[in-house]
Amino acid sequence: MRSLRAVTRRAGFFTRAEALAAGCTINDIRTAVRLGEWRRLRKGAYAFADEWAPLEDTDRHWLRTRAAVRALGDDVAVSHASGVVAHAIDGWRLDLARIHVTRLDGRSGRIIGDVVQHERGKGDLEIRNVAGIRVLAPQRCVLEAAVHLEPEAAFCLLESGLRSKQFDRADLEAAYVAMHARHRMGRLQPLIAMAGSRSGSVAESRGSWIFDQAGLPRPQQQWEVLRADGSLVGVVDWVWHEWRLIVEFDGKVKYSGRFGQTGTDALFAEKQREDEIRELTGYRFLRLTWEDLADPARLVARIRAMARAAV
């Protein structure tokens with residue numbers, strides 16, 4: 001068992017062959033899975049339950065993906081939503097139930113168990129190495145995943161990709177041109193034109209999407225508020241100068257504390273920052289939560305009311 005722990009420290013999972021080599025029997029493997037001590041990732045691949053339990057959904061998917069690729073060998077490269085996860089690009093509403101790979105051997109696509117094997121298609125493939133795993137280029141993975149999402153989620157994914165700095169707009173547009181003839185790919189064209197890299201998170205991308213869909217004037221993003229001496233007070237998520245209105249997403253992560261701060265310390269520091277920005281700009285603040293983003297009509301109504309009050 002100790003030797004299997006060494007394997008998971010290196011690879012994150014172990015195979016049936018590795019378990020047998022460590023002295024386990026087939027009955028031992030079945031018993032460990034039945035008792036919940038081991039987690040079966042897929043046929044012939046396992047993780048220790050105590051190592052699996054704390055993992056986020058994306059980490060679990062990446063672990064399952066690595067296990068699948070080990071079984072499939074060099075004939076595939078990770079792609080689509082699995083490629084988004086491999087490149088550590090933030091996704092929202094990604095379907096991670098199945099693992100996605102693209103065949104490199106020219107064979108037709110197929111679905112076997114929990115793995116979708118996509119046909120390679122025409123043209124050259126740019127392949128990256130991520131932790132020893134072949135993965136298609138991030139801009140291609142983002143487009144492949146985005147085309148299967150609803151528009152808002154697709155827009156958020158495109159912005160996440162640009163924000164990751166793993167590709168720029170030129171790379172994204174070139175990948176789109178190479179892939180635009182694919183089924184439904186054309187629906188992404190207006191979203192690509194709209195997407196940028198200034199949103200600091202998926203939540204900010206969602207906010208920008210809501211503002212745009214409501215027909216609000218486009219706010220300035222990531223506005224730097226400076227003191228008279230030129231030093232930085234802070235960077236705000238969105239600002240409408242014409243309404244003297246600052247809007248920020250109030251995620252709990254902002255108050256989790258960093259550099260030794262407690263949550264209370266972080267909250268107090270944020271309050272001081274906001275007060276100083278108010279004093280320097282004379283602008284009003286509106287803070288958004290995930291609940292606000294879930295009710296776009298109410299959120300837009302609040303912003304319009306604050307805009308009318310500023311006139």
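Visitor: Which residues have the most contacts inside the largest nonpolar core?
Guide: In this predicted model, they are Val84, Leu94, Leu143, Leu157, Leu158 and Leu188. The core itself has 50 residues.

Visitor: Which element gives the most to that core?
Guide: Helix α8 does, with seven residues.

Visitor: And Val84, what is it in contact with, leaving aside neighbours within four places in sequence?
Guide: Val84 is then in contact with Ile89, Leu94, Cys141, Val142, Ala145 and Leu157.

Visitor: What does a second, separate core include?
Guide: That core has 18 residues, among them Leu245, Leu286, Leu299 and Met306. As background, nonpolar side chains tend to be buried together in soluble globular proteins.

Visitor: Back to α8. At what angle do α7 and α8 pack?
Guide: Helix α7, residues 138-146, and helix α8, residues 151-163, pack at about 175°. Their axes are 9 Å apart.

Visitor: What does that angle make α7 relative to α8?
Guide: Roughly antiparallel, because an angle over 145 degrees is counted that way.

Visitor: Which residues meet there?
Guide: From α7 they are Val142, Leu143, Ala145 and Ala146; from α8 they are Ala154, Leu157, Leu158 and Gly161. By class, the contact of α7 with α8 has seven nonpolar residues, one polar residue and no charged residues.

Visitor: How many residues of α7 are buried?
Guide: Nine of its nine residues are buried, and the helix is mostly covered. The buried residues include Arg140 and Glu144, as well as Pro138 and Gln139.

Visitor: Changing topic: what is the strand order in the open sheet of four strands?
Guide: The order is β10-β11-β12-β13, with mixed pairing. The twist averages 45° from one strand to the next.

Visitor: Which strands stand at the edges?
Guide: Strands β10 (220-226) and β13 (284-288) do. Each has a single partner strand, so one side of each is left without a neighbour in the sheet.

Visitor: In what sense do β10 and β11 pair?
Guide: They pair in the antiparallel sense, over six bridges, with β11 covering residues 232-240. Gln220 stands opposite Val239 in β11.

Visitor: Which strands does helix α11 lie across?
Guide: Helix α11, residues 202-213, lies across β10, β11, β12 (245-249) and β13, and runs at about 35° to β11. Helix α14, residues 296-310, lies across β11, β12 and β13. The direction of α14 is at about 180° to β13.

Visitor: Now β5. How many of its residues are buried?
Guide: Five of the five residues of β5, residues 99-103, are buried, so the strand is largely enclosed by the rest of the structure.

Visitor: Which way do the β5 residues point?
Guide: Ile99, Val101 and Arg103 point one way, while His100 and Thr102 point the other way. In general, the side chains of a regular strand alternate between the two faces of the sheet.

Visitor: Which strands are joined to β3 by bridges?
Guide: Strand β1, residues 14-15, runs antiparallel to β3 and is joined to it by two bridges. Strand β2, residues 38-42, is also antiparallel to β3, with four bridges. Thr15 stands opposite Ala45 in β3, and Arg39 stands opposite Ala47.

Visitor: Are the β3 residues buried or exposed?
Guide: In β3, residues 45-48, all are buried: Ala45 and Ala47 point one way, Tyr46 and Phe48 the other.

Visitor: Which residue takes a positive phi in the hairpin of β2 and β3?
Guide: Gly44 does, with phi near 80°. The hairpin has two residues between its strands.

Visitor: Finally, how many helices and strands are there in the protein?
Guide: There are 14 helices and 13 strands. Buried residues make up 47% of the 311 residues, and the C-alpha trace spans about 75 × 50 × 35 Å along its principal axes.

How values were computed. Residues are numbered from 1 along each chain as its sequence is written. This is a predicted model: local features need pLDDT of at least 70, side-chain atom pairs count only at pLDDT 80 or more; totals for chains, interfaces and linings use all residues. Side-chain values use heavy atoms; hydrogens and water are left out. Axes are lines fitted to C-alpha atoms, for helices over the stretch in contact, and angles run from 0 to 180 degrees between N-to-C directions. Angles under 35 degrees count as roughly parallel, over 145 as roughly antiparallel, 65 to 115 as roughly perpendicular and the rest as oblique. Contact means heavy atoms within 4.5 Å. Ala, Val, Leu, Ile, Met, Phe, Trp, Tyr, Cys and Pro count as nonpolar, Asp, Glu, Lys and Arg as charged, and the others, Gly among them, as polar. Two strands pair if DSSP finds at least two bridges between them. A nonpolar core is a set of buried Ala, Val, Leu, Ile, Met, Phe, Trp, Tyr and Cys residues joined through side-chain atoms within 4.5 Å. Buried means under 20% relative accessible area, exposed over 50%, partly exposed in between (1.4 Å probe, protein chains only).
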